[in-house]
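Here is a short briefing on a protein structure. Take a look at the sequence and the model, then read on.

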Amino acid sequence: MKYKITLLIFFVVWGIMLTRLYHVSIKSNFYYEKLAKENIERKRFIKPVRGEITDSNGNLLAMNQIGFSIFLKPHLRQKDHTLERVVDVLVKRFPDLNKTIMLKVYQKHNSPYNHKFIKVVDFIHYADMMGAYPQLSLHKEIKIEAETKRYYPYGKYAAHIVGYTGRSNQTENEKDPVVNEVGKVGKSGLERYYNKTLEGELGYEVNKVTATNKAIEVLEKQLPKDNKNLQLNIDIDLQKMIYQRFGKQSGVAIVMRTTGEILSAVSYPSFDPNLFVGGISQKDWKALQEDFARPFTNKFIHGTYPPGSTIKMGMALAFEKAQPNILAESEYCAGFITLGHSKHKFRCWSRWGHGSVKLRRAIRESCDVYFYNKSLKVGINAMAKHLRDFGLGVKSGIDLPREYSGVIPDKEWKMKRYHQPWYMGETVIAAIGQGYDLVTPLQIARYTALLATSKLVTPRIVQKIDGKPYTTPAKEIDFNPYYLGEIRKGMYDVCNTKRGTAYKTMRHLPILVAGKTGTSQVTSIPQSTKKRLKEEELAYFHRSHAWITTYAPYKNPKFVVTVLVEHGGHGGSTAGPIAADIYKWLYTHGYFKEGR
């Protein structure tokens with residue numbers, strides 16, 4: 001027994017000694033060899049140039065300004081004021097630089113373990129540096145490197161589409177090695193959505209260096225992959241015209257081909273993205289946040305609004321999907337309906353009613369009672385299911401970040417959201433795009449293209465990525481051709497017959513337009529109110545939102561124009577004139593010609 005224990009101890013001791021010997025003689029050799037190699041070799045990354053963004057005609061929407069950044073040598077002493085003297089040299093040449101900030105930045109990154117020059121100035125314009133360069137380059141404590149800075153020539157006109165870049169944070173640096181080196185990342189819009197494409201790929205250079213970190217020989221070099229550009233479907237001249245057309249009103253306008261290409265998407269008012277490139281000031285940020293018109297919100301994908309009567313075409317198709325041939329029956333409109341024994345009146349917009357109403361007339365004159373009655377026969381769950389299939393209350397898939405989905409409610413949604421059952425009266429108001437219904441303007445534009453072509457497209461801003469065409473899928477939806485035809489005729493009537501709600505503004509256009517207006521209430525009207533106040537008599541934030549959504553030409557649909565004016569009152573009189581001017585511009589600029 002003693003012999004076995006002695007033998008075991010012997011093998012354990014020798015095992016430990018052999019393991020230690022391996023670690024010291026072999027494994028640690030690799031470690032120290034790597035350290036020695038790092039002492040004679042340095043790998044320096046070469047930053048790629050961020051890709052540019054152009055509109056459909058080649059106009060630059062996002063470009064790079066050429067300039068320089070300034071670095072200071074590490075370990076500059078503060079006690080003998082060496083650091084301060086060097087910083088004073090920079091301030092003397094560039095009076096706009098902040099001495100206090102530069103000192104803080106230097107002190108933050110300076111340490112006994114850091115042997116790299118420290119960046120204290122992010123960007124000096126090329127023209128400003130040229131006169132100072134000969135003198136500054138003589139200072140061994142100062143290093144100047146070529147740098148680029150993002151610039152947006154069209155500023156506010158394309159801010160919600162293009163977005164902006166800003167300084168990256170630690171989390172963003174850890175996720176992306178390019179961002180870590182460049183220090184900038186796309187924060188919103190296309191700059192964010194296509195950041196991986198635009199930023200390119202890092203290059204590098206491996207140098208043999210001396211003990212003082214001086215490069216003496218290039219051992220290996222690989223150039224970065226940069227200038228990966230985006231070309232958009234956007235026409236910036238159309239974008240500018242629409243933006244200026246809004247005047248003092250706030251809202252959204254979207255111009256889209258029926259195949260999904262976005263020609264213009266205006267969220268008004270907007271902001272200057274150049275404010276964010278170098279870091280926005282507290283004063284400017286506060287002004288954006290406190291503006292009641294919400295200039296920082298991208299309203300065409302982040303604004304959610306009751307769709308009002310613009311939902312009625314989709315609602316009719318949902319009825320037909322749920323109960324085939326239900327649209328064959330006319331409905332009688334006396335100006336209101338009541339439910340059960342309740343005295344509460346669900347009123348039509350026409351106080352006197354429309355009498356007997358068929359589908360086409362219900363669209364043309366926007367009869368509410370027609371849709372009230374049909375909805376009670378179908379029910380909210382079936383209505384909601386089909387409306388989502390038509391692109392309402394769901395994300396469109398556009399190539400922009402953080403798109404909102406909105407709400408097309410059903411019984412399950414309400415129970416989950418409010419822990420309450422669904423009431424019949426809520427079905428009635430949902431049928432005319434009120435109540436819990438919330439959609440984005442882009443969803444309305446997409447669904448209008450569906451009405452025009454029977455295809456549910458995926459909207460897209462970008463036309464080409466790095467020179468290669470970018471396309472998105474479309475889904476064909478099968479509708480009863482007769483009733484879809486009646487709906488289209490009703491939309492034609494809205495814009496081209498005297499009883500149409502957009503007749504006054506759309507009748508004199510050079511092409512035939514079909515569409516639908518909508519007035520979405522933001523406050524309820526008390527039952528005691530016998531005669532409604534006119535929209536212009538209400539306080540501004542109590543006025544309804546004004547919608548119009550259209551397509552043209554009527555018989556060969558190519559374009560969709562959707563306009564929302566916040567608190568604009570009636571769609572025909574407020575949003576209609578903007579849509580009409582858009583069609584005039586498109587016609588004048590050759591968009592309705594063959595091949596365009």
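In what order do three strands form an open sheet with antiparallel pairing? The order is β1-β8-β9. This is a predicted model, where local features need pLDDT of at least 70, side-chain atom pairs count only at pLDDT 80 or more, and totals for chains, interfaces and linings use all residues. Residues are numbered from 1 along each chain as its sequence is written, and side-chain values use heavy atoms, with hydrogens and water left out.

**The chain as a whole**

- The protein chain has 24 helices and 23 strands. These are DSSP runs numbered from the N terminus: helices are H or I with at least four residues, strands are E with at least two.
- Of its 596 residues, 48% count as buried. Buried means under 20% relative accessible area, exposed means over 50%, and partly exposed lies in between (1.4 Å probe, protein chains only).
- The accessible surface comes to about 30800 Å², and carbon and sulfur atoms hold 54% of it. Areas come from the Shrake-Rupley method with a 1.4 Å probe; for residues, only the protein chains shown count as cover.
- Take the contacts (heavy atoms within 4.5 Å) between residues at least 6 apart in sequence: 71% of them join residues at least 24 apart.

- Two strands pair if DSSP finds at least two bridges between them.
- Six bridges join β1 to the antiparallel strand β8 (residues 203-209). Arg44 stands opposite Glu205 in β8.
- Glu217 lies in β9 (residues 215-222). Glu217 is partly exposed, at 40% relative accessible area.
- Leaving out residues up to four places away in sequence, Glu217 touches Val206, Asn207 and Lys208.
- Glu217 and Glu41 are 176 residues apart in sequence, yet their C-alpha atoms are 9.4 Å apart in space.

**The five-stranded sheet**

- This open, antiparallel sheet has the order β12-β11-β23-β22-β21. Its edges are β12 (262-268) and β21 (514-520), which each pair on one side only.
- Neighbouring strands are turned by 5° against each other on average, direction ignored. Axes are lines fitted to C-alpha atoms, for helices over the stretch in contact, and angles between N-to-C directions run from 0 to 180 degrees.
- Helix α11 (residues 236-245) packs on this sheet and touches β11 and β12. The direction of α11 makes about 30° with that of β12.
- Seven bridges link β11 (residues 251-257) with β23 (residues 559-565), and the two run antiparallel. Gly251 has Val565 as its bridge partner in β23.

**Cores and buried parts**

- The largest nonpolar core has 126 residues. Such a core is a set of buried Ala, Val, Leu, Ile, Met, Phe, Trp, Tyr and Cys residues joined through side-chain atoms within 4.5 Å.
- Leu232, Phe371, Met506, Val563, Ile582, Tyr583 and Leu586 touch the most other members.
- Beyond residues up to four places away in sequence, Leu586 touches Leu238, Val255, Val561, Tyr591 and Phe592.
- A second, separate core has 22 residues, among them Leu97 and Ile124.
- Helix α15 (residues 312-322) is largely enclosed by the rest of the structure, because nine of its 11 residues are buried. They include Lys312 and Glu320.

**Cysteines**

- The count of disulfides (cysteine sulfur atoms within 2.5 Å) is zero.
- Cys348 is buried at 3% relative accessibility, and Cys495 is buried at 0%.
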